[in-house]
Amino acid sequence: MQTQSEIGYNSKIEGDVVLTTVDAALNWFRANSVWPMPMGLACCAIELMAVGASRFDISRFGSEVMRFSPRQADCMIVAGTVTYKSAGFLKRIYDQMPEPKWVIAMGACASTGGMYRSYAVLQGVDNVVPVDVYVGGCPPRPEALLDALMKLQKKISTQPVLQNITALHLLDKKEEVAA
Amino acid sequence: MTALDQAQKLKARFGDLIAEPTEFRGEISLKIADAEKIFDVCSFAKTQLGFDYLVDISSVDNYGEDPRWTVVYHLRGLNHGAELRLKTDVSEEKSELPSILGVWRTSNWHEREIYDMMGIRFSGHPDLRRILMWEGYPYFPLRKDFPLAGKPTDLPGVAFTKPAPLEGGPFVTFPSSAGAISREPRARTPEE
Amino acid sequence: MAQVQDIEIRDSAGRVAKAVDDLPDIQGDRMVLNMGPSHPATHGVLRIVLELDGETITKADPDVGYLHRGDEKIAENMTYTQFIPYTDRLDYLSPLANNVAYALAVEKALGIHDKLPPRCQYIRVMCCELARISSHLLGLGAFAMDVGAVTVFLLVFTEREKIYNLAEAASGARLTTTYTRIGGLMRDIPPTWCDQVRQFIKEFTVALAEVEVLLTRNRIWVDRLRDLGHISKEMAIDYALSGPNLRGSGIEWDLRKKQPYLCYKDLEFDIPVGSVGDCYDRYLVRMEEMRQSMRILEQCVNKIPGGAANEIKEPVNIADGKVTLPSKEKVLSSMEELIHQFMIVTEGVNVPPGEVYFGHENPKGELGFYINSQGGGVPYRLKIRAPSFVNLSILGELMPGAMISDVPVILGSLDFVMGESDR
């Protein structure tokens, strides 16, 4: 279900007033302040840190606050090889993140297991958490991660917001009435 | 005091327990016949010969041969700079040898790793548990008869494993000096 | 698109209650704190189970293995050249140094590690020293950020970007370079590389002075680091520490001086040695090592055989047809080179049966490769002696007695990397 993602604004007519749908506005807020939770496991974590540093500034996308606590984060960036031993706590941290949440699988190891086809490596983090954007590369260049972030922003800005909330609200009400 | 002199001193002390030192690329290796005496040999090397630094402990799986395990100790003396390699064999039925934790405390984690990867136990080790794989992992991964892709396990709450997609196995050449036909890269069973 | 699989997570409150029953020596006032694998201050996935009495740590048990990828088993199924990319990812802060270490180990097994062409040796030394600066910088930056000095982190990354530019110019990749090959290098450095290194040295001197001003005489920094994590000489040798951890405790052991390899014999540099063995000493040792690395780089840039642009075409690979890939023109026209190319690519470099151990002075410590070969192009057993794995074993003895807020300081001063520790 696509929503209006454009914000209609004609300064001559409206002056300083912006007319838009609530969905579009909420999505605009969400997309431009994605707070990542860096699940930095291996070498990709170094490129993730480089993205946060001053050359490839991630804060111009609104994502400068790398929240290590899952309760305060929007997007989990899985950077590095996920082993079977790590899969348990990774899922646990993902579950602790509040909705809405997204996952970026950064690098070849997180996307598909990478070049480690061995007994101890989980062949892709999408075996345990649902992934929104996959970034290829070993490690991906910081520009690639920023491109992935932009794609994620585009995905976020087309997600219906209010319909979901009202639908849930109606569902709760139905259960109350039935009970 | 070169490594060869130290090796000769060690052989003089322990006699038949230690074979003649072999040399390859400038390194001296000594084979110790009885794995049970490794603690005495190592403590002699540390206290009398000045080998105060244990660089590494490795294990080798001689699949198809008996004794199956070879444990390799790399010693170094920081004062005289000499390096020595000690090797002992352990048979598969026994799969156990004394721990040298009393000689060098660094062997704690090396021995835990060898137990985890190969399944060789160390008697006298206070805390022999898995270090790289999780507790309760049923296999010993570095053995030659364990496939690279791994075997499926299922430990609820801790982990699960599935075999990795290797599409018929790693196509690899054979580690030996045999003829080119046997060394052709293809998928191999643990025949070697 | 893989299926999302469910992981059952057992009832955690019940598990904690059961754990309290199982642990007999937990007093009523001790708390077990799990400093979990996902923690900003643990420099990777390291889990430490701490037992606390108020704020003082009484027991610490590190739990590694969350990044165990099975490198050693993979090595038994790859030719020597095919394994080089895996060595990049061991200590991923200094991939050039790992590449050089592995290549030297295989070359020692072949018997050619002291017969490399001189230009190759100088380039490898420059790569090692750049990797050393890069690794110490990030260790320092992450360390300072955990202790609280966040500015240093950003300063550090600016300098590391310059090193990344150099690595990219030489090998094509920023982080995972895979630059060395058995018998030489992937390719020669571009003609402007040495000038870029000179420029980098000039700029880095200024940046290092800036970091020095921010940290070394800073009252807060010194107070937090001094007299903490004291490692005595006997403890350091017994636990087989290596690298700056060993030298911070006062032991003068550096593989570049004691067991010289490549062209370190012809270069002048000093080895900084600490005196007390606390965290502050290790920090000072790393700072000084970066200055010595710059000194080595300057000498190399001036003395490199063939000059910066290599007009006289000094070789970079050893001239042995069985080890180095022959040039493409010869392969496509001559039979012998064609066969060499075929054998080297499909079966790998033929290493004679035997075993070698080669230890290399990595920024984190001594990275050693034990290669047990039974002939052929694939090792029978490859053991990686990882400095971080060995350095971490000291945590169980180092932490008790310290306070919980000293944990990031101790971990940062040991400067380990989990990719190397777990392989």
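Start by selecting chain A, which exposes about 8300 Å², with carbon and sulfur atoms supplying 58% of it (accessible areas come from the Shrake-Rupley method with a 1.4 Å probe). The model is predicted, so to speak of local features pLDDT must be at least 70, side-chain atom pairs count only at pLDDT 80 or more, and totals for chains, interfaces and linings use all residues. Residues are numbered from 1 along each chain as its sequence is written, and side-chain values use heavy atoms, leaving out hydrogens and water.

Now switch to cartoon view. Chain A has seven helices and four strands (DSSP runs: H or I of at least four residues for helices, E of at least two for strands). Of its 179 residues, 49% count as buried, meaning under 20% relative accessible area with a 1.4 Å probe, protein chains only.

Next, select chains B and C together. Here 62 residues of chain B are in contact with 60 residues of chain C (heavy atoms within 4.5 Å).

Colour the elements of chain B. S3(B) gives the most, with nine residues.

Which residue forms a salt bridge with C:Lys108? Zoom in on B:Glu27: the closest N and O atoms of this pair are 2.7 Å apart. A salt bridge is a side-chain nitrogen of Lys or Arg within 4 Å of a carboxyl oxygen of Asp or Glu. The rule finds ten salt bridges across the interface of chain B and chain C.

Conventions: Chains are lettered from A and ligands numbered from 1 in the order in which they are written. Buried means under 20% relative accessible area, exposed over 50%, partly exposed in between (1.4 Å probe, protein chains only).
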